[in-house]
Structures are given as structure tokens and as C-alpha cells.
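Please open the structure in your viewer and keep the selection tool handy. We will take a short walk through it together.

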Amino acid sequence: MDRPLEELPVLDKAELMRSFDEVVTDRSIRLADVERHLERTRGVERLAGRFTISASSGSSGQRGFFLFDPDEWGTLVASYGRPLWWAGLNPKLRYLFRPFHMAVFTSPVPWHQTAQVRTSTASRLAPSLTLDSSRPVAEVLAPLNDWQPQYLATYASLARALAEEQLAGRLRIAPRMIAIGGEVLTREARQRIEQAWGKVLYDTYGASEAGILASECEAHDGMHLCEDLSIIEIVDAKGRPVRPGETGERVLVTALYRRTQPLIRYELSDKVRLAATPCSCGRPFRLIDAVEGRVEETLEFPGVDAARVAIDPVVFDGVLDTLPARQWQAVQTPAALEVLLVDLAPSCNEDGISAALRHELSSRGAIVPPIRIRRVEA
């Protein structure tokens, strides 16, 4: 094919799954084989003794299955090690004699990539405590205090919850590095995590389809795109490249090492912004300074002057992430906007939260529905 990359069609997850049997280059593998394999195994066994299957959660509205042969899987697993190198925790010879303790929060679903990568990287050189990310925070404090990890890998919201426990004195650990991913890291969450442990936080951006796509370096100025592993295009709603400093509506990934299930201009519905200035570290990879969430996380409301008004997740971050609460969730129903808050401080007034949200939504031209604030345990 002699057309330039930007003229090739975009491939989304729905089309990938509809055309699964045609896209996979090993003609002996069919989607039905993959589905049967996951039904009867616990996610560790390889399909046909060869292929690792990583299944996405379906948070974007469509579940996906992604196949990796041994070489591809090795490359993907290696991409997870890049944040450690950039943080200065290089697996050099000294760790043969001074292993560093790792604590890794993984999905309880065995075919989720976090669980599979953890299984693939288990080593006596890096003793690891594996924790179920679905467990209540109170249940992981004692294991973490006993283990004293130097490296902690978790989700952004869980890292913030652990930071609150550290600041309260119930968690007493001193990690040299905290790697987070899987969720948007808000400014308030970063501030609380750094207040608890200092500048040891390294944000990552990845996908089940292609592993780590970007990672923060020691300069903490944003995340470098892993352009040696994938061609990454950040485009607007019409598929046009956005300029540095502008937020794109989609990310198109061409994974250079994927052969079993080629991904060419594969669409991720993530809103990402290229940095306007290069990183001070001098690395040649382009820098992104914001991941604002998925397009599917944008809520729509009737508008005062328009049929519909789109409200980005960052609007809710600005109000709810500043509250003295461990976790929050906004749920849009046909009749109301429900806000669930975990461990909200007793002194915090629900009417004030509703008023702040109402102001933010109405200032953007939305007709605001009833807002219900609920205190919940989880």
C-alpha cells in the first residue's frame, strides 16, 4: 500500500471486533476460540499454547480481545518497565544483591492486563506484594505497612486514597516511586499524593491494545510518548492533527510491534493535549501534558441556548476532587445527577456541594437537573 499513513482509514474497537477473524493474521484463530478459551481458563493459560489474550474492560462501551504472540507480549511487558528506568529504578546489577520491594495493585479479573503483566514479571529480584484493587482501602493498610514497598503501582484514585491514609498516620510507607495509570490524574490528587510522599509520583498513559503509550520522566513536566513502539496521532473530531497546546478528541495508535493482530490508526477515545514546549530532560519523544479522560465520560445536558451542552469530566474534577472525601462518582440518570461520596467529612455541607456544581454547569449553558448528594461507604 503506497498511501501515506494519514490517508488510511481509522480502525475503531467495534470494527476490530466485527472483523476479528479477518484482522488476526493467524488464520487458525477465530473469535469464538478466544471467547471459549476465556470461559474455561483463569486467564493465565495461553491460547493454543502460544497467544496471550488481554481483554479490555469495556469502559468505552465496547469490550475488546487482544492477542499477543510471545515476542509481542515481551515487548508489551517491557513497556511497563520504562517508567522505572525513567524514575531511576533501573534493574542494574546492584539489585541482584539488594532487591527492592514492589507493591502492585491489579484487577481481580485474571485476563485484565494489569494482572497478566504482574504474573509475567514475577521475580525474586523484585519481591512483590500483589493487592486486589477492588479491596477496601482499610484492608490493605496492614499489608503495606508490613511490606514497606519501595515501588508502588496503582490507580490514580486509589493512590489519592492511600495518600489520605498516609497523611492521617494510618499508613506508614516511604516509596521511592509511585507509578499510576488507568485513570485521569487530577491536579488535586497529585498535590495530595506529593504532600504525602514528595515528588515520587510518575503518571503513565496506556491501553490494553498496546501497553504503555506515554510515561512521565524525572523532570515531571508531562508524559513522553513512547514513539519507538507506536506511531501516535492526536487528532480533533474531524481527524485532523491538533497543534501543541490544543486538546485532541481522539488518539490514533499504530502499534509498530503488533503482527498477530495489526493495529493501524487504531482509535482511542481519549482527550489528550500535546505540550506546547519540550521537556527539560532532553529526550526526543514528544510530550503530552494532559489526559482529560475519555469522550464517553463527557456528560450531555439540555442547553439554555443550544439543544445539548457537553460537560467534560474536568468540570466535575474541579469541584468534587477538592472535597474532603476519599472517592467520588457522578452518575447521570434520566431524572437527576447523583453524586456519591465516600468518607465525606461530617462538617461538609451537601447543599454547598450542590450549589457549586449547579454554578459550574449553569455557567456553561446547561439546564441543570436536580442534584442529589449521597454519602456512601464504597
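This tour of a predicted model visits a sheet, the nonpolar cores and some cysteines.

Select residues 327-332, 337-342 and 371-376. You are looking at an open sheet of three strands with mixed pairing, in the order β17-β18-β19. β17 and β19 are the edge strands; each has a single partner, so one side of each lacks a neighbour in the sheet. On average, neighbouring strands here are turned by 20 degrees against each other, direction ignored. Now zoom in on β17 and β18, which run antiparallel and are joined by six bridges. Gln-327 sits opposite Val-342 of β18.

**Stop two: the cores.** Select Tyr-205, Leu-213, Val-251, Tyr-266, Leu-268, Val-272 and Ile-288, which touch the most other members of the largest nonpolar core, a set of 32 residues. Center on Val-251: beyond its neighbours within four places in sequence, its contacts include Ile-232, Glu-233, Glu-267 and Asp-270. A second, separate core has 27 residues, among them Leu-131, Val-137, Ala-163 and Trp-197.

**Stop three: the cysteines.** Then pick Cys-281, partly exposed at 25%. The closest cysteine sulfur to that of Cys-281 belongs to Cys-279, at 3.5 Å, which is too far for a bond.

Notes
Residues are numbered from 1 along each chain as its sequence is written. This is a predicted model: local features need pLDDT of at least 70, side-chain atom pairs count only at pLDDT 80 or more; totals for chains, interfaces and linings use all residues. Side-chain values use heavy atoms; hydrogens and water are left out. Two strands pair if DSSP finds at least two bridges between them. Helices (H or I, at least four residues) and strands (E, at least two) are DSSP runs, numbered from the N terminus. Axes are lines fitted to C-alpha atoms, for helices over the stretch in contact, and angles run from 0 to 180 degrees between N-to-C directions. A nonpolar core is a set of buried Ala, Val, Leu, Ile, Met, Phe, Trp, Tyr and Cys residues joined through side-chain atoms within 4.5 Å. Buried means under 20% relative accessible area, exposed over 50%, partly exposed in between (1.4 Å probe, protein chains only). Contact means heavy atoms within 4.5 Å. A disulfide is a pair of cysteine sulfur atoms within 2.5 Å.
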